[in-house]
Amino acid sequence: MNTRTCSALLLPLSLATALSLQAAAPATLTIQTDQPGAKINPAMWGIFFEDINLGADGGLYAELIKNRSFEFPDAMMGWTKANLLSGAGVYSVVTERPFNESNPHYLRLESRSKSPFGVENGGFRGIGARAGETYDFSAQMRCSDGKATLYVELVDIKGKVLAAKSIQGISANWERRTTALRPNKTDPKTWLRLSVQAGNTVDLDMVSLFPRKTWKNRPGGLRADMVQLLADLKPGFLRFPGGCIVEGNFLTNRYQWKNTLGPAAERKLLINRWNFEFKHRPTPDYFQTFGLGFFEYFQLCEDLGAEPLPILNCGMACQFNSGELCPLDQLDPYIQDALDLIEFANGPATSTWGAKRAAMGHPQPFKMKLLGIGNEQWDQPYLERYAKFHAVLKRQHPGIQLISSAGPSPDDNHFKFAWPKLRELHADLVDEHCYANPKWFFANTHRYDTYDRLGPKVFFGEYAAQSDKTVSVLNRNNLECALAEAACMTGLERNADVVRMASYAPLFGHEEGWQWRPNLIWVDNLASFGTPNYYVQQLFARNRGDRVLPVALTSPGEDAGLPKVHASATLDELHREVILKFVNATTNALPVQIKLAGGKRFATQAQQWVLAAADQRDENTFAAPTKIAPRDSSLRILAPDFTHTFPPNSLTVLRVGKTH
Ligand code: AHR
């Protein structure tokens, strides 16, 4: 290129640059640091839990044996003959003289040769075993002659033995026997093999295998890595047990909290509604053992420092299924369930239900303050039933805040019908659900600006951006969805006087056992990781602040007509820090002139956490679980007026100390 051509090209280019710079005025953000507004609910950012996607059985509840009690309708589901063993014999499921009437079926294993004969259980898509860790095996067992031996092994897919023990001298009466296995190899897909030999016959029930390392090392407890991810969120509340699972497809299959108490072997199995809900994702081996029952739930809330928020059936089966109704004049048992739950959680240890809590190991009340009446219900049948619960519960327990439902959508006719009625009823908190594409979230960040300040408050109780569409198997937990949720959450935060609580849904997805996506956390048999959506929740919850600070943002950040730049700010009163949350979902770095108005002096050192990636389609995976995770750093600022450049595709949390 000769110089003439070069300068001829340069002139128009530099002119163009100058012109475009002139066109795009720099974004400015003013935070009114001396005008703290609404108090933010300390329980603002919480967790929605449901046993969907192997969330409890096969997930959080650390039991590794599927169909441990032989109570599945196909009593041998999950079990198979151990084909690599050479001995002869028979196995059968029988019911005579069971060790427990709620759990009548058990396995009879009969050897008919000298060599071993037995069965295997493949857990929930395999049994995850880690080399050197201890796995506690237990089972109820008996044998007719009081002499038999049971061989207990963990084997890999080829039959190679990773750990082996035997249990001798099995008595003639039912007895819980235990042993511990220590696999010599890590393998996500082992099998538990049980065998007898030399003509022995053994009866077996409640066959169980738990990692010794559970959350807080509680025997029969919860999967430690999964609870740790929940604890790391610092959740304000824990909604449980759902979700549609509360409702059942028919009322007989509804979730009944009273059936989830007492010894695990006495908790009656129930089919999981996600077993058959989606024709495109059938999960015929999905049942609820209730090993994670209501006592364990309250205990988990206590561990996490989260407010309990149980959701109860209101006399309606799922309206996406049968919509079966309990007649209004027969609703008393349902209301009584709610009253008894309050007593179970809060009553003295001398009360009927408080005594049951105490007998399970927690004499002190759990101090429950929130209760959901129905899950995702709608229209007149719901409002009539809610009104009945409301009347009794408000009279007897005015201190309990009730959650009512506005249906499955944030703006459909059910929603529009529900709100005025709930307002008339003086409902406390209305549960709004929103599964929509990212556009909806970017476009609705000002949704609550115009809500009635005097009416019921909002619980944004289920939401997640869907990269494809609701219930599509193509939905992804990518950064774009996470940023869309973050944008929306700035709007929830700015309106914290109206929106008192919010939770992403669903929570867990098992890589090989999911029915629904996206999910906040993905797990397999050994590992778990947080999605970008998880880290958005974490950044908001850990940087909640106590009071809303007014913000004014002039933003050039639009993309195809959608606002892609959003901000909110709060004040942490204890640490005297201004907390800014800033979403730049454009693909360009964005310099912003930040003005901390109304303050006199600020620290020159600020702390920031940035969640970003090169491409909004990026995701975390088992191989790269923290590819998109907050990166923290400190930076020097010239507060109260300074310019900060927010990276493309990012959520930034910035904390600036007030020194005066
Ligand atoms: O979160 C998955 C499902 O979505 C919940 O069970 C239900 O409440 C909603 O429809």
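Colleague: What covers the buried residues of α3?
Modeller: This is a predicted model, in which local features need pLDDT of at least 70, side-chain atom pairs count only at pLDDT 80 or more, and totals for chains, interfaces and linings use all residues. Residues are numbered from 1 along each chain as its sequence is written, and side-chain values use heavy atoms, leaving out hydrogens and water. Counting contacts (heavy atoms within 4.5 Å), the cover over the buried residues of α3 includes α2 (224–233), β14 (237–240), β17, α4 and α5 (352–359).

Colleague: And how many residues of α3 are buried?
Modeller: Helix α3 runs over residues 294–304 and is mostly covered. Buried means under 20% relative accessible area, exposed over 50%, and partly exposed in between (1.4 Å probe, protein chains only). Among the buried residues are Phe294, Glu296, Gln299 and Leu304. Of the eleven residues of α3, the buried count is nine.

Colleague: Which residue takes a positive phi just after α3?
Modeller: Follow the chain out of the helix, whose span is 294–304. Just after α3, a phi of about 70° belongs to Gly305.

Colleague: Moving to the ligand, which side chain has a polar atom 2.6 Å from an oxygen atom of the ligand?
Modeller: The surrounding residues (a heavy atom within 4 Å) include Phe48, Gly243, Trp274, Tyr435, Glu462 and Trp516. With N or O pairs taken within 3.5 Å, a polar backbone atom of Cys244 is 2.8 Å from a ligand oxygen, and a side-chain N or O atom of Asn375 is 3.0 Å from a ligand oxygen. The 2.6 Å distance belongs to the side chain of Glu50.

Colleague: What is omega for the peptide bond that joins Ala505 and Pro506?
Modeller: Pro506 is among the residues around the ligand, and its place in the chain is the loop between β22 (499–504) and β23 (508–510). The bond from Ala505 to Pro506 is cis, and its omega is about -15°.

Colleague: Why does the pair of Tyr534 and Tyr535 count as edge-to-face?
Modeller: Tyr534 is buried because its relative accessibility is 1%, and Tyr535 is buried at 10%. Their ring centres are 5.0 Å apart. The pair counts as edge-to-face because the angle between the planes is 90°.

Colleague: Is Ala198 buried or exposed?
Modeller: Ala198 lies in the loop between β12 (187–196) and β13 (201–211). Its phi is near 55°, a positive value in a residue other than glycine. With a relative accessible area of 54%, Ala198 is exposed.

Colleague: In which helix is Asp379 found?
Modeller: Asp379 has a positive phi too, near 65°. At a relative accessible area of 27%, Asp379 is partly exposed. The helix that holds Asp379 is α6.

Colleague: What separates the C-alpha atoms of Ile31 and Leu549?
Modeller: Ile31 lies in strand β1 (residues 27–32) and is buried, with a relative accessibility of 1%. Beyond residues up to four places away in sequence, Ile31 touches Leu549, Val551, Ala569 and Leu596, among others. Ile31 and Leu549 are 518 residues apart along the chain, yet their C-alpha atoms are separated by 6.7 Å.

Technical notes
Helices (H or I, at least four residues) and strands (E, at least two) are DSSP runs, numbered from the N terminus. A polar contact is a pair of N or O atoms within 3.5 Å; within protein, one must be able to donate a hydrogen and the other to accept it, and residues adjacent in sequence count only if both atoms are side-chain atoms. Rings of Phe, Tyr and Trp (its six-membered ring) pair if their centres lie within 6.5 Å; planes under 30 degrees apart count as stacked, over 60 as edge-to-face and the rest as tilted.
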